[in-house]
Each structure stands twice: as structure tokens, then as C-alpha cells.
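User: I am new to this structure and would like to get to know it step by step. Could you take my questions one at a time?

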Amino acid sequence: MTQTLAQLSQSLFATLGLSDTTNSLGIEANESRRECLLLVDGLGKNAIDEFAEKRNFFKGLEYRQTLSATFPSTTATSLTSLGTGLSPGEHGMVGYTMRVPHSGIPERILNALKWDERVDPVIWQPNQTLFERANQSGIRTSHVAGKRYADTGFTQAALRGGIYVGANTIDELASGAAGALAKESSFAYVYLNDVDDASHNSGFGSEKFLAALERVDLLVSALLKQLPKGSRLWVTSDHGMINRSDFVVIGKENHLLEEVNLMAGEPRVRYLYVDQENIEIVKRRWQEYLGDRIEIHTRQEAISAGLFGESVSEGVVERIGDLVVIAKGKLILVELERESQQCAMVGHHGGTSPAEVEIPLLQIQL
């Protein structure tokens with residue numbers, strides 16, 4: 001079984017005594033019952049392999065195992081799996097952008113990280129989060145992250161229930177986590193996006209990327225100093241990164257949007273929403289034009305292949321594209337009219353390559 005952030009969060013809460021959770025990672029019990037999970041957005045296993053030892057990052061932390069990002073390997077999907085302990089097919093956050101079914105003509109696209117005030121986060125993602133369930137069971141949960149994320153639709157959908165601690169600096173993040181673990185039977189989730197931001201703007205391995213890794217290392221050091229004795233610190237991520245070296249502009253000149261009612265997803269994974277009678281026509285057109293640079297699946301093929309987990313809830317099915325296009329190699333697929341900034345980005349994720357999917361899990365007992 002592929003171990004994702006859903007299995008990690010379930011396993012951690014299982015060690016804290018939360019009922020109806022499965023410790024599939026076999027995490028040992030922690031006598032002090034204090035768990036701190038630092039999630040570094042964009043920190044793939046490849047970053048650990050290439051730079052941790054060379055730059056002396058994360059000294060003292062044990063590399064426990066390699067986990068897998070969800071499909072798509074994107075923040076909105078992975079973090080919702082972390083928050084709920086569920087697969088994408090169950091929680092329904094199936095991408096960075098996705099169709100809002102039955103939202104009018106043309107139907108709207110929901111950007112999961114920017115949200116849309118017309119979409120109720122609790123209706124969109126109705127499953128109780130692990131934070132909510134833990135709080136009801138007497139386990140104190142906290143979410144320590146940038147102040148700007150506190151009241152977003154995405155936070156309410158994916159990570160609701162924890163005490164939100166707004167923290168913008170290394171010191172604020174570390175002290176916020178330490179305070180959250182002041183009492184036994186507590187869980188602190190800490191989020192940092194510097195690596196992701198540097199990768200998108202300047203690329204994996206760039207000087208800005210390395211500076212962001214140094215900032216992560218500073219935060220780890222601060223947590224090791226400030227967390228209460230007996231706490232256990234975990235470090236993981238939501239996805240890795242590749243540097244794009246090729247792109248295709250989707251537009252009138254190559255006819256790829258003909259018979260396509262709506263396109264969502266992101267440059268490494270595209271959802272195409274198409275009338276039933278045109279699905280095979282559009283699938284053939286994309287395959288003929290892009291050849292072996294893409295994989296393309298019908299919705300049912302993608303579901304049957306288990307891309308979204310073992311099951312897909314009835315209300316989630318229509319959020320997935322009628323066609324699912326996955327870019328291979330270091331290709332991105334962009335629509336310049338709406339996505340000029342995406343083409344300018346160096347680093348990308350969302351696809352199924354090892355660099356995007358493999359994420360580390362490190363730990364240390366204080």
C-alpha cells in the first residue's frame with residue numbers, strides 16, 4: 001500500500017489514542033504524547049538526497065522513510081489528505097483547480113488555494129478533519145502557520161478544527177509550536193512555504209532554493225531548542241519539484257481546446273471537461289499532437305487505475321476531468337491567455353515523476 005500524508009496523519013493521531021485511526025506506518029508510542037509535524041511545502045526527497053548531507057541540513061534527524069504525494073502531487077490535494085486522513089477520491093480536493101459541478105453555464109473553476117466565496121468550504125469538503133475529531137476526544141490540536149492563511153476557504157475545508165496560531169517568522173513559528181505542545185496529549189502542525197516559493201520562482205537547486213533550505217534548517221534548530229522535552233518532531237512535505245525544460249501552449253493554433261468546454265488542473269496535470277460524444281475525439285487529438293510526452297486517461301480509466309485512491313465518492317466524480325492529461329518528462333502544458341505566470345515559473349509539480357511524488361519523512365525524539 002502506498003503511504004501518503006493520509007497514512008502519516010492517521011498514524012500520528014493513532015499514537016495519541018484517537019479512535020478509528022490506523023497506525024499503518026507502525027509509529028511507536030511516545031510516552032509524553034506530544035507530536036509536532038513540520039510540513040515544508042515543496043521539499044521533495046530529491047532535495048534531501050542532493051543537499052542535506054552536502055550542506056549539513058537537518059543534522060540529527062533520522063530519515064525514517066519515503067512517503068508518496070497524492071495524485072495530483074499538489075498542495076491542495078496533499079494537505080487535505082493530511083488534514084482528513086482520507087484519499088483524494090474521498091475528500092474531494094482533487095486538484096489545484098477543478099470544476100464546480102452544476103455551477104452554471106459555463107461552469108466555474110474553483111482555485112483551491114485562492115477559493116471562491118460562493119463555495120461553502122464545509123459543504124465542499126464535508127468529512128470531519130482529524131483535528132476536529134481529536135479535539136472532541138480531548139487531544140489538543142494546533143495549526144501554526146502564516147497569518148494570511150488563517151481564515152481562507154482552503155484552511156476551513158482541509159484543516160479546520162485546530163487552534164490557529166498565526167506566525168510569520170522563524171521565532172513565531174517555533175514559539176507557537178512550543179506553546180501548542182505545553183500540555184500532554186497534544187499535536188502541533190507547522191507549515192512553511194519558503195522552499196515551494198523559491199522553487200517556483202527560481203528553480204530547484206537555485207541559490208534562492210538553497211537559501212530557503214537554510215531557513216527550514218533554522219526553523220528545525222529553533223524547534224529542537226524550544227519544544228518541550230519528550231516532544232517528537234516530524235518533518236515531511238506535500239510534493240517535490242522538477243524544473244521545466246519544455247512547454248506547450250494550449251490554444252487555437254494547435255486546436256487542443258476544440259470541443260473542450262472547460263480546462264482545469266495545472267501545467268503538469270490537466271483536467272479536460274468535454275461532452276460525452278466528444279471524449280474520444282478530444283482524447284485522440286491530444287494523443288496525436290503530444291504523443292509520448294503525455295499520458296491521457298478517461299475519467300473512469302483514471303479512477304480504475306487508483307490515481308485518486310481506492311474509491312471515489314459519488315459527489316466527487318464530476319470534479320475530475322472527463323479526460324485527465326499527465327505531462328511526462330519536464331513538460332508543462334499552459335494556456336497563455338490565463339496562465340502567463342505559470343509559464344514564467346521554473347519549478348513545477350503535480351505530475352507523477354519520482355521528483356514530484358517522493359517526499360521524505362524525518363524524525364527526532366527530544
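User: In which loop is P106 found?

Analyst: This is a predicted model, in which local features need pLDDT of at least 70 and side-chain atom pairs count only at pLDDT 80 or more, while totals for chains, interfaces and linings use all residues. Residues are numbered from 1 along each chain as its sequence is written, and side-chain values use heavy atoms, with hydrogens and water left out. The peptide bond from I105 to P106 is cis, with omega near -5°. Helices (H or I, at least four residues) and strands (E, at least two) are DSSP runs numbered from the N terminus, and P106 sits in the loop between β3 (97–99) and β4 (109–111).

User: Which residue is joined to P72 by a cis peptide bond?

Analyst: Look in the loop between β2 (62–68) and α3, where P72 lies. The cis bond there has an omega of about -10°. The partner of P72 is F71.

User: Which residues does F308 contact, leaving aside its neighbours within four places in sequence?

Analyst: F308 is among the residues with the most contacts inside the largest nonpolar core, which has 52 residues. Such a core is a set of buried Ala, Val, Leu, Ile, Met, Phe, Trp, Tyr and Cys residues joined through side-chain atoms within 4.5 Å; buried means under 20% relative accessible area, exposed over 50%, and partly exposed in between (1.4 Å probe, protein chains only). Contact means heavy atoms within 4.5 Å. With those neighbours left aside, F308 touches F71, P72, S87, P88, G89, V94, Y271, A302, I303 and I320.

User: How many residues of helix α3 are buried?

Analyst: Helix α3 spans residues 75–84 and is mostly covered. Its cover includes α1, β1 (34–40), α4 (88–91), α6, α7 and β7 (186–192). After the helix comes G85, with a positive phi near 75°. The buried count for α3 is 10 of its 10 residues.

User: Is R99 buried or exposed, and what is its salt-bridge partner?

Analyst: A salt bridge is a side-chain nitrogen of Lys or Arg within 4 Å of a carboxyl oxygen of Asp or Glu. The closest N and O atoms of the R99 pair are 3.2 Å apart. R99 has 9% relative accessibility, so it counts as buried. Its partner, partly exposed at 22% relative accessibility, is E107.

User: How many residues apart are E132 and R160?

Analyst: E132 and R160 form a salt bridge, with their closest N and O atoms 3.4 Å apart. The pair links distant parts of the chain: E132 is in helix α6 (residues 130–136), R160 in the loop between α7 (153–158) and β6 (163–166), and their separation is 28 residues.

User: Why are K45 and D49 about one helical turn apart?

Analyst: Their side chains meet in a salt bridge, 2.7 Å from N to O. An α-helix has 3.6 residues a turn, so residues three or four places apart point the same way. K45 and D49 are about one turn apart because their spacing in helix α2 (residues 45–55) is 4 residues.

User: At what angle do the axes of helices α9 and α10 cross?

Analyst: Axes are lines fitted to C-alpha atoms, for helices over the stretch in contact, and angles run from 0 to 180 degrees between N-to-C directions. The axes of α9 (residues 194–202) and α10 (residues 207–226) come within 8 Å. Angles under 35 degrees count as roughly parallel, over 145 as roughly antiparallel, 65 to 115 as roughly perpendicular and the rest as oblique. That makes α9 roughly antiparallel to α10, with a crossing angle of roughly 180°.
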